[in-house]
Amino acid sequence: MKIVVDRDLCIGAASCVALAAKTFGLDVEGKAYILNEKKDTAVTSSEGTVVESEQTGDMDPREAIIEGARSCPVFAIKLYEDDGTEIIL
Ligand code: SF4
């Protein structure tokens, strides 16, 4: 599964962190990031700043990550299957 966080949309509500604390964290700006810094890639584009990472064994179980993403009030988190299909939250 691939995890994508749009940090421009993020308002720091932290519900993703509460539900999947081994996957999401808040940085000093109060914006969510993914707790897998080695594999994170920060991308700045005309659409904003996005961080993405593959799910790793150190993270929460799949269902917890989905619940964390689903809890985001501003829909800043998107999840994708390994084949690229978006997981409907
Ligand atoms: S739940 Fe959404 S708004 Fe809240 S910290 Fe996570 S990504 Fe940001």
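Modeller: The largest nonpolar core has 19 residues. Inside this core, Ile 3, Val 5, Phe 24, Ile 34, Ile 65, Ile 77 and Leu 79 have the most contacts. Two or more core residues come from each of β1 (2-6), β3 (32-34), α2 (62-70) and β6 (77-80). Helix α2 gives three residues, the largest share. A nonpolar core here is a set of buried Ala, Val, Leu, Ile, Met, Phe, Trp, Tyr and Cys residues joined through side-chain atoms within 4.5 Å. Buried means a relative accessible area under 20%, exposed means over 50%, and partly exposed is in between, with a 1.4 Å probe and protein chains only.

The model is predicted, with local features needing pLDDT of at least 70 and side-chain atom pairs counted only at pLDDT 80 or more, while totals for chains, interfaces and linings use all residues. Residues are numbered from 1 along each chain as its sequence is written, and side-chain values use heavy atoms, without hydrogens and water.

The protein chain contains two helices and six strands, in the order β-α-β-β-β-β-α-β from the N terminus. These elements are DSSP runs numbered from the N terminus: helices are H or I with at least four residues, strands E with at least two. Of the 89 residues in the chain, 35% are buried.

Next, the ligand site. The whole structure has one cavity of 30 Å³ or more. A cavity is a set of points, on a 1 Å grid over the protein atoms alone, where a 1.4 Å probe fits but cannot get out; its lining residues have an atom within 4 Å of a point. Grid points are joined across faces, edges and corners, and the volume is the space filled by probe spheres set on them. The largest cavity holds about 100 Å³ of space, and the ligand sits in this cavity, meaning that more than half of the ligand's atoms lie within 2 Å of the grid points.

Fifteen residues line the largest cavity, and Cys 10, Ala 13, Ala 14, Cys 16 and Cys 72 are nearest its centre. The ligand is surrounded by 14 residues, and Cys 10, Ala 13, Ala 14, Cys 16 and Cys 72 are the closest to it; a residue counts here if one of its heavy atoms lies within 4 Å. By class, the cavity lining has 13 nonpolar, two polar and no charged residues, and the ligand shell has 12 nonpolar, two polar and no charged. Ala, Val, Leu, Ile, Met, Phe, Trp, Tyr, Cys and Pro count as nonpolar, Asp, Glu, Lys and Arg as charged, and the others, Gly among them, as polar.

Ala 14 lies in the loop between β1 and α1 (15-19). Its phi is positive, about 70°, although Ala 14 is not a glycine. Ala 14 counts as partly exposed because its relative accessibility is 27%. Phe 75, in the loop between α2 and β6, also has a positive phi, near 55°, and is not a glycine. Phe 75 counts as exposed because its relative accessible area is 65%.

Helix α2 also contains Glu 67, which is partly exposed at 35% relative accessibility. The C-alpha atoms of Glu 67 and Ala 20 are separated by 7.9 Å, with the two residues 47 apart along the chain. Gln 55, in the loop between β5 (48-54) and α2, is partly exposed at 28%. From the C-alpha atom of Gln 55 to that of Thr 23, 32 residues apart along the chain, the separation is 8.3 Å.

Methods:
1 Å grid on protein atoms, 1.4 Å probe; cavity = no way out; pocket = protein on both sides within 12 Å on 5 of 7 lines; lining within 4 Å.
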